[in-house]
Amino acid sequence: MSYLNSYIHLEALTILTIIFLLSIKFRFIDSRGVATSFIVGYLIYVFGGRVYFLALITFYLVSVAFTKIRVRIVKEVGNKEDGVRGWRNVIANGLTATITAVASGLSTDQKIFFAAYLGALSSAFADTLATEIGLLYPRMPRLITNMKKVKPGTPGAVTHLGYLGGLIGMTTLTFISSTIDKRLSFYEAAIIVYSSGLIGMTVDSILGATVQAKYRCRTCGKNTESSSHCGSNAEQIEGIKYINTHTVNLIATIIGAIIAITILNTLTTMK
């Protein structure tokens with residue numbers, strides 16, 4: 001039980017402080033995002049331990065690296081962010097992983113919660129890199145529900161390059177999780193991470209294309225994912241009002257965790 005070790009708490013505070021001071025300096029994340037990330041990182045570190053945190057920080061650093069690369073090449077595409085993450089993004093991608101890490105620290109069944117953690121993280125990792133790398137696609141993407149060509153940045157838009165990005169995220173997480181921890185074999189980790197990541201990122205795209213709210217700015221006429229634009233309320237044109245891009249991300253990570261648990265139980269039964 002790592003959370004009972006006072007040294008782990010001090011270690012977590014020291015490492016997180018260094019990471020987030022650097023994040024602020026290089027504008028990886030805004031001030032409220034830093035506060036939220038600190039809480040998420042701290043809980044995962046002290047309850048899940050170093051292994052959980054290493055997987056998390058790998059996701060964070062690889063994601064921001066690809067975001068910065070994308071911003072340098074295409075500064076702004078459609079509705080997408082300028083590369084600086086906020087607290088909503090942190091909650092959407094990290095809440096499920098945090099819950100599973102805390103549950104792992106409080107439970108004697110380490111394997112099932114580690115699998116759930118990887119499932120949630122894989123979904124977030126795959127979707128984030130699919131978005132950032134997919135935005136570099138030189139042609140029009142296609143909407144996942146009907147394969148019609150749409151503008152880059154449209155919720156639910158997919159490309160071959162985007163799925164390659166997702167594959168990079170899943171492969172990175174598979175090697176990290178299977179080499180630094182032996183609760184899962186390489187075979188188990190690979191099946192869990194790839195299945196959860198692929199299904200999670202696909203569900204994210206489907207929800208983005210169907211139920212996510214989309215708006216049109218009343219001032220400039222631009223389509224946006226935000227309910228406000230140009231300093232005023234935007235007109236909703238599609239989707240469900242209370243389902244935004246962050247809600248969709250959160251749902252995808254929950255599904256990723258559920259898929260991971262289901263797969264682990266299936267593999268255990270087959271032994």
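Colleague: Where is helix H4 (residues 87-106) kinked, and by about how many degrees?

Modeller: The bend at a residue is the angle between axes fitted to the seven residues ending there and the seven starting there. In H4 the kink is about 50 degrees and centres on glycine 94. Helices (H or I, at least four residues) are DSSP runs, numbered from the N terminus. This is a predicted model, in which local features need pLDDT of at least 70, side-chain atom pairs count only at pLDDT 80 or more, and totals for chains, interfaces and linings use all residues. Residues are numbered from 1 along each chain as its sequence is written, and side-chain values use heavy atoms, with hydrogens and water left out.

Colleague: Which residues of H4 are buried?

Modeller: Buried means under 20% relative accessible area (1.4 Å probe, protein chains only). Gly94 is one of the buried residues of H4, which also include Asn93, Ala97 and Ala101.

Colleague: What covers the buried residues of H4?

Modeller: Contact means heavy atoms within 4.5 Å. The cover includes helix H2 (31-48), helix H3 (50-73), H5 and helix H8 (245-270).

Colleague: Is alanine 124 buried or exposed?

Modeller: Alanine 124 is buried, at a relative accessible area of 1%, and belongs to helix H5 (residues 110-134). Beyond its neighbours within four places in sequence, alanine 124 contacts Phe59, Asn93 and Thr253. Its C-alpha is 7.7 Å from that of glycine 200, 76 residues away in sequence.

Colleague: What is serine 205 in contact with, leaving aside its neighbours within four places in sequence?

Modeller: Serine 205, in helix H7 (residues 186-210), is in contact with Ile144, Gly156 and Val158. Serine 205 is buried, with a relative accessible area of 11%.

Key
Helices (H or I, at least four residues) and strands (E, at least two) are DSSP runs, numbered from the N terminus. Buried means under 20% relative accessible area, exposed over 50%, partly exposed in between (1.4 Å probe, protein chains only).
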